[in-house]
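I opened this entry to work out how the chain is put together.

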Amino acid sequence: MKGILLVNLGSPRSTAVQDVKEYLDEFLMDERVIDYRWIFRALLVQGIILKTRPPKSAEAYKTVWTDEGSPLIVITEKIQKKLQKLVDVPVEIGMRYAEPSIETGIRKLTDKGVTEIVLFPLYPQYAMSTTETVIEKAEEVRKQKFPGIKINYIQPFYNRDIYINCLAESIREKLPENFDALQFSYHGVPERHIFKTDPTKTCNLNDCCTRENNPSHQFCYRHQCYKTTETVIEKLNLPKEKVIVSFQSRLGKDKWIEPYTDETFETIPKKGIKNLAVVCPAFVSDCLETLEEISVEGKHQFTSAGGENFHYIPCLNDEDRWIDVVKTLCEEKLNEFYLV
Ligand SMILES: C=CC1=C(C)c2cc3[nH]c(cc4nc(cc5[nH]c(cc1n2)c(C)c5CCC(=O)O)C(CCC(=O)O)=C4C)c(C)c3C=C
Ligand SMILES: [Fe+2]
Ligand SMILES: [Fe+2]
């Protein structure tokens with residue numbers, strides 16, 4: 001029997017400082033997120049970050065938390081429920097960090113008799129801290145706990161027409177009538193991650209990310225973000241001059257991919273951009289990084305620097321057109337089980 005597991009990043013169990021600390025510990029001790037040797041990662045995470053960050057993060061989570069829980073989890077559950085109505089195989093969710101874990105999700109499926117799983121990492125663009133860590137974790141769990149099952153993984157979908165059409169339509173509906181620029185703000189990653197995962201060693205993080213046909217593109221998160229933007233704005237008929245790409249949420253002292261979202265918010269009003277629309281297509285569901293960092297903090301940065309109107313465009317969340325895309329991508333992979 002077949003089943004579907006939708007995998008998202010995960011959130012703390014609650015906004016209590018101890019729960020946030022446990023979540024950050026698991027998240028940041030992932031070697032695909034902070035990719036230092038174990039001893040240096042432990043020194044940085046447990047010796048420095050976890051000593052100061054949890055109370056601040058907990059406060060930030062409190063500002064977005066709902067009666068039902070973390071927005072990211074609540075929205076992923078809504079996607080699951082809507083998808084379940086459209087397909088005739090069981091659908092469960094799993095989070096890369098914290099609960100419900102990938103193991104919990106797989107167990108719920110196997111308890112229903114599922115032996116062949118389509119696992120969907122809910123990240124449009126590939127990075128070692130997105131798709132790769134989900135697949136690594138799921139394979140570890142499968143080998144250790146469920147050796148008898150098969151898992152088919154859905155690959156990054158930033159270049160799939162059905163996804164781009166869906167994103168473009170969603171943005172079109174939510175764009176304000178008047179705006180000077182539309183900013184695409186993607187979650188950032190350290191530059192080192194891009195070099196590390198480039199088997200061709202041809203990406204220099206300059207114009208090669210925006211060039212056509214560089215061999216590194218399949219593994220270049222920065223390219224995949226620019227490509228997402230380029231194809232969406234083509235559909236929207238927006239001139240490139242009206243579009244900004246930037247990368248948010250950097251952590252620590254390493255160099256992350258540029259340009260940085262917060263610096264952009266502070267500089268563009270002086271260049272005459274007073275009415276700004278912002279969309280965050282690295283996230284399929286709204287979460288702390290969109291609802292607090294962009295909608296609240298980002299708006300504050302922009303307006304304090306002279307900006308007038310800041311319009312945040314929500315993620316795809318549980319929009320019906322997005323659920324249709326999820327269904328199509330899952331069905332493609334479900335059908336692959338018949339081919340082997
Ligand atoms: C969308 C893709 C994501 C990438 C790439 C990513 C990389 C990455 N993140 C951190 C550090 C943090 N991220 C945090 C929150 C967070 N990150 C993503 C997604 C990506 N992260 C999401 C969806 C969220 C929100 C989760 C939620 O519960 O709503 C946090 C926690 C919050 C905070 O304390 O600021 C940290 C820390 C690193 C180091 C990294 C490197 C590749
Ligand atoms: Fe690149
Ligand atoms: Fe993150």
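**Domains**

I looked up the domain assignment first: it gives domain 1 as 2–157 + 320–339 and domain 2 as 161–313. I note that this is a predicted model.

How far apart do the C-alpha centres of domain 1 and domain 2 lie? I read 23 Å. The contact takes 23 residues from domain 1 and 25 residues from domain 2. I then checked which elements of domain 1 face domain 2. Helix H2 (38–64), H3, helix H5 (128–145) and helix H12 (320–339) each give two or more residues to that side. I sorted the residues of this side of domain 1 by class: 15 are nonpolar, six are polar and two are charged.

**Sheet E2-E1-E3-E4**

I traced an open sheet of four strands next. The order is E2-E1-E3-E4, and the pairing is parallel. Which strands sit at the edges? They are strand E2 (91–95) and strand E4 (150–153), and each pairs on one side only. Neighbouring strands here are turned by 30° against each other on average, with direction ignored.

I followed one pair in detail. Strand E3 (residues 116–121) joins E4 in the parallel sense over four bridges. Val 118 has Asn 152 of E4 as its bridge partner.

Helix H3 (residues 71–86) does, touching strand E1 (2–8) and E2. The direction of H3 makes about 160° with that of E2. Helix H4 (residues 102–111) packs on the sheet too, touching E1, E2 and E3. For H4, the angle with the direction of E2 is about 160°.

**Sheet E6-E5-E7-E8**

I found another open sheet of four strands, in the order E6-E5-E7-E8, with parallel pairing. Strand E6 (243–248) and strand E8 (309–313) stand at its edges with a single partner strand each, so one side of each has no neighbour in the sheet. I read an average twist of 25° from one strand to the next.

Again I picked one pair. Strand E7 (residues 275–279) runs parallel to E8, and five bridges join them. Val 279 is bridged to Ile 313 in E8.

H8 lies across strand E5 (181–187) and E6. H8 runs at about 150° to E6.

**Helix H6 with helix H8**

I turned to the helix pairs, starting with one that involves H8. Helix H6 (residues 161–174) and helix H8 (residues 221–236) have axes that come within 9 Å and cross at roughly 60°. H6 and H8 are therefore oblique to each other. H6 passes H8 in a right-handed crossing. I listed the contact residues: Ile 164, Asn 165, Leu 167, Ala 168, Ile 171 and Arg 172 come from H6, with Thr 231, Val 232, Lys 235 and Leu 236 from H8. By class I have six nonpolar, two polar and two charged residues in this contact.

**Helix H4 with helix H5**

How do H4 and H5 pack, and at what angle? The angle is about 55°, and the axes are 10 Å apart. H4 and H5 are therefore oblique to each other. The crossing of H4 past H5 is right-handed. From H4, the contact takes Ile 102, Glu 103 and Ile 106; from H5, Lys 137, Ala 138, Val 141 and Lys 145. I sorted them into four nonpolar, no polar and three charged.

**Helix H1 with helix H2**

My last pair was helix H1 (residues 17–28) and H2. Their axes are 8 Å apart, and the packing angle is about 125°. H1 and H2 are therefore oblique to each other. H1 passes H2 in a right-handed crossing. On H1, I noted Val 17, Val 20, Lys 21, Leu 24, Asp 25 and Leu 28 in the contact. On H2, the contact residues include Val 45, Ile 49, Leu 50, Arg 53, Pro 54 and Tyr 61. The contact of H1 with H2 has 11 nonpolar, one polar and three charged residues.

Terms used
Residues are numbered from 1 along each chain as its sequence is written. Chains are lettered from A and ligands numbered from 1 in the order in which they are written. This is a predicted model: local features need pLDDT of at least 70, side-chain atom pairs count only at pLDDT 80 or more; totals for chains, interfaces and linings use all residues. Axes are lines fitted to C-alpha atoms, for helices over the stretch in contact, and angles run from 0 to 180 degrees between N-to-C directions. Angles under 35 degrees count as roughly parallel, over 145 as roughly antiparallel, 65 to 115 as roughly perpendicular and the rest as oblique. A crossing is left-handed if the near helix is turned anticlockwise from the far one by less than a right angle, and right-handed if clockwise. Two residues are in contact if their C-beta atoms, placed from the backbone, lie within 7 Å. Ala, Val, Leu, Ile, Met, Phe, Trp, Tyr, Cys and Pro count as nonpolar, Asp, Glu, Lys and Arg as charged, and the others, Gly among them, as polar. Two strands pair if DSSP finds at least two bridges between them. Domain bounds come from an automatic or database domain assignment.
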